[in-house]
Amino acid sequence: MAYDLLIRNGRVVDGSGSPAFRGDIGVRNGKIVEIGRLRGAATRTIDADGLVVAPGFIDNHCHYDAQVTWDPICSFSCYHGATTVIISNCSLALAPVRPGAEERLAEFLSYVEAIPMDVLRTVDVTWETIAEYMAALDRRLGVNVGNLIGHTAVRHYVMGNESQGRAASPTEIEAMCGIVREGITAGALGLSLSRQKGHYDPQGVQIPAIWAEENELFALADVLAELGTGVIQCGGGRVAEQQNRLMTRLAEATGRQVVYNALAPQIRQPEAYKEQMARIDEAVRAGIRANPLCTPAYNTLRFTMRNSQVFRGVPTWHPILIAPDDEKLRAYRDPEVRKKLHKEVVEWTIGTSGTASIPGNPRLGPKWYDSIWIDNAVLQKNKNLQGRSLTELAEIQGKGIIDAFLDLVVEENLDTVFLQGASNADSKIMAKILNYPNAIIGLSDGGAHVQYQSAYSYSTQLLGYWVRERGIMSLEHAVKRLTFDSASAFGIYDRGLLRPGLAGDITIFDPGTVNTLPEDKVHDFPAGSWRLRELAVGVCYTIVNGQVLTEEGRHTGALPGRVLRNTLYHESAIR
């Protein structure tokens with residue numbers, strides 16, 4: 001047999017968790033056709049001696065909704081082995097959108113996911129419906145893209161500005177159900193919701209999805225049950241599950257897979273993950289599919305006080321965060337403002353108990369200043385403060401926390417770079433979570449928080465640090481966690497395994513060197529904007545639908561990606 005692509009002599013790790021074996025893989029017309037010791041001719045042959053040949057990784061939680069329109073390879077996920085990305089998570093999407101509402105819809109994505117609005121304004125919106133958005137993407141893709149139906153977008157489309165402020169009427173809920181039905185029929189992989197009360201718009205109002213009552217959530221989710229396809233994703237699902245088992249109830253009522261954010265050890269509540277696991281185990285024993293996502297990445301946030309998400313929800317602080325920069329500086333100089341901030345977040349009068357965090361803002365809790373450090377001081381005279389926590393800064397200067405913090409912020413004109421650690425700091429707990437069979441590894445947030453963090457490197461962190469250096473799981477199991485687990489959860493049944501007949505999505509990497517490289521900054525976004533970049537070492541080839549997309553960390557120029565669609569769509573196409 002002749003092949004378009006023949007991969008020879010590789011260590012085949014097929015995604016099932018089975019032991020690796022030495023073999024060849026033949027690909028033709030975008031699909032795997034043979035696996036074994038192959039002798040046929042090929043248009044291109046890759047010698048994978050000494051390398052692992054695995055299914056393409058699935059980056060299951062991304063926000064490339066806008067970026068994909070100008071960056072069809074969805075960098076930088078593809079450089080870490082991802083051949084598929086899942087977008088429109090946490091209720092946020094760019095369709096459906098009424099003509100004239102494009103900027104308003106983009107504002108929700110911008111403020112929640114920290115994507116500069118100047119960048120989003122460059123997107124040429126040529127669609128209105130979800131089907132039209134999918135068709136627009138399908139014309140030019142490097143990686144495969146699967147999209148969810150964002151509840152915030154749907155609610156705003158139906159209710160306009162009233163989507164923020166009240167419950168929906170039965171007529172409005174039925175209209176929303178109709179849009180979800182149309183989107184699923186067009187092939188969307190599922191529905192995304194949000195219960196994250198810290199998700200605000202630039203004006204300080206919670207995004208539309210947060211205003212929905214439970215009857216609305218269950219009505220939308222029931223459309224997926226009616227059609228017999230689709231996954232339900234939920235931002236902020238951990239707290240909702242903890243409060244009233246909402247994630248479990250949605251999964252039980254619909255029979256659909258529910259995935260939600262997130263299972264992670266919190267610095268302020270290091271034992272809370274145990275209670276969460278117990279609840280998850282209970283649901284699994286009952287045959288209910290409600291599973292959290294988790295990530296191998298150490299969760300740190302880089303920020304300046306020009307655009308910080310850390311202090312959202314604090315009564316005095318929140319209006320300052322959304323004010324123009326000159327007003328921020330004026331407020332931060334004001335002694336009365338400082339007194340109020342001290343009372344609210346140092347004396348911690350806003351919490352309901354000594355260990356409470358602000359509703360919807362799990363990043364902020366008592367003693368928050370112990371886990372925020374100065375990463376980069378602008379002025380030379382302040383360089384000696386780099387690496388110091390805000391607690392240490394206050395002690396060195398003999399000031400209170402707020403005065404020490406804001407004196408530096410004002411002196412450096414809001415440009416001081418800080419780091420906040422929030423979760424995943426305990427490596428022993430992390431080993432348990434990453435091996436926990438009822439959680440799904442992913443949660444990269446690719447395309448979001450572009451100037452603050454770069455968690456899309458989770459796959460190479462798992463393979464390089466946790467597998468090779470720490471040895472917490474086998475290589476075969478790690479590959480399964482990056483491929484088959486997500487493919488199954490999101491209903492992408494033609495990927496996630498190396499099998500004849502399945503798509504030719506393949507990642508080839510060097511198990512001895514694969515890892516994440518240090519971050520740097522690149523000015524490659526529209527409108528002259530910049531972002532953080534974190535590349536990989538040891539990812540030799542990323543192959544999408546049988547074509548080499550990246551080779552040794554460089555895009556080949558190929559654009560073989562497709563919009564991935566659900567089983568209902570494919571069954572309808574066959575009929």
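This is a short talk on the overall build of one protein chain and on a few of its residues.

Hello everyone. A word on ground rules: the model is predicted, so local features need pLDDT of at least 70 and side-chain atom pairs count only at pLDDT 80 or more, while totals for chains, interfaces and linings use all residues. Residues are numbered from 1 along each chain as its sequence is written, and side-chain values use heavy atoms, with hydrogens and water left out.

Let's begin with the whole chain. Its secondary structure comes to 19 helices and 25 strands. Here helices (H or I, at least four residues) and strands (E, at least two) are DSSP runs, numbered from the N terminus. The C-alpha trace spans about 80 × 60 × 50 Å along its principal axes. How does the radius of gyration fit a compact globule? For 575 residues such a globule would have a value near 25 Å, and the chain has 24 Å, which agrees. That radius is taken over C-alpha atoms, and the globule rule is 2.2 Å times the number of residues to the power 0.38.

Next, what is inside? Buried residues make up 60% of the 575 residues. Buried means under 20% relative accessible area, exposed over 50%, and partly exposed in between, with a 1.4 Å probe and protein chains only. Now contacts, meaning heavy atoms within 4.5 Å. Among contacts between residues at least 6 apart in sequence, 74% join residues at least 24 apart.

Now let's zoom in on helix 15, residues 427-434. Which of its residues are buried? They are Ile429, Met430, Ala431, Ile433 and Leu434. These buried residues pack against several elements, including helix 9 (272-285), strand 12 (290-294) and helix 17 (475-482). At the N-terminal end of helix 15 sits a cap, Asp426, with a side-chain oxygen 3.0 Å from the backbone nitrogen of Lys428.

My next stop is Thr84, which is in strand 7. Is Thr84 buried or exposed? Thr84 counts as buried because its relative accessibility is 0%. Its side chain joins that of Asn144 in a polar contact of 3.5 Å. A polar contact is a pair of N or O atoms within 3.5 Å; within protein, one must be able to donate a hydrogen and the other to accept it, and residues adjacent in sequence count only if both atoms are side-chain atoms. Leaving aside neighbours within four places in sequence, Thr84 is in contact with Asn144 and others, among them Phe57, Ile58, Arg495 and Leu564.

For contrast, look at Pro170, in helix 5 (residues 170-185). Pro170 is exposed, because its relative accessible area is 68%. Pro170 and Asn215 are 45 residues apart in sequence and 9.5 Å apart in space, C-alpha to C-alpha.

Finally, some backbone details. The peptide bond from Ser75 to Phe76 is cis, with omega near 20 degrees, and Phe76 lies in the loop between strand 6 (57-59) and strand 7 (82-87). Another cis bond joins Ala95 and Pro96, with omega about 0 degrees; Pro96 is in the loop between strand 7 and helix 1 (102-113).

Arg245 is not a glycine, yet its phi is positive, near 60 degrees. You will find Arg245 in the loop between helix 7 (237-244) and helix 8 (246-254). Asn413, also not a glycine, has a positive phi of about 55 degrees. Its loop runs between helix 14 (401-411) and strand 15 (417-423).
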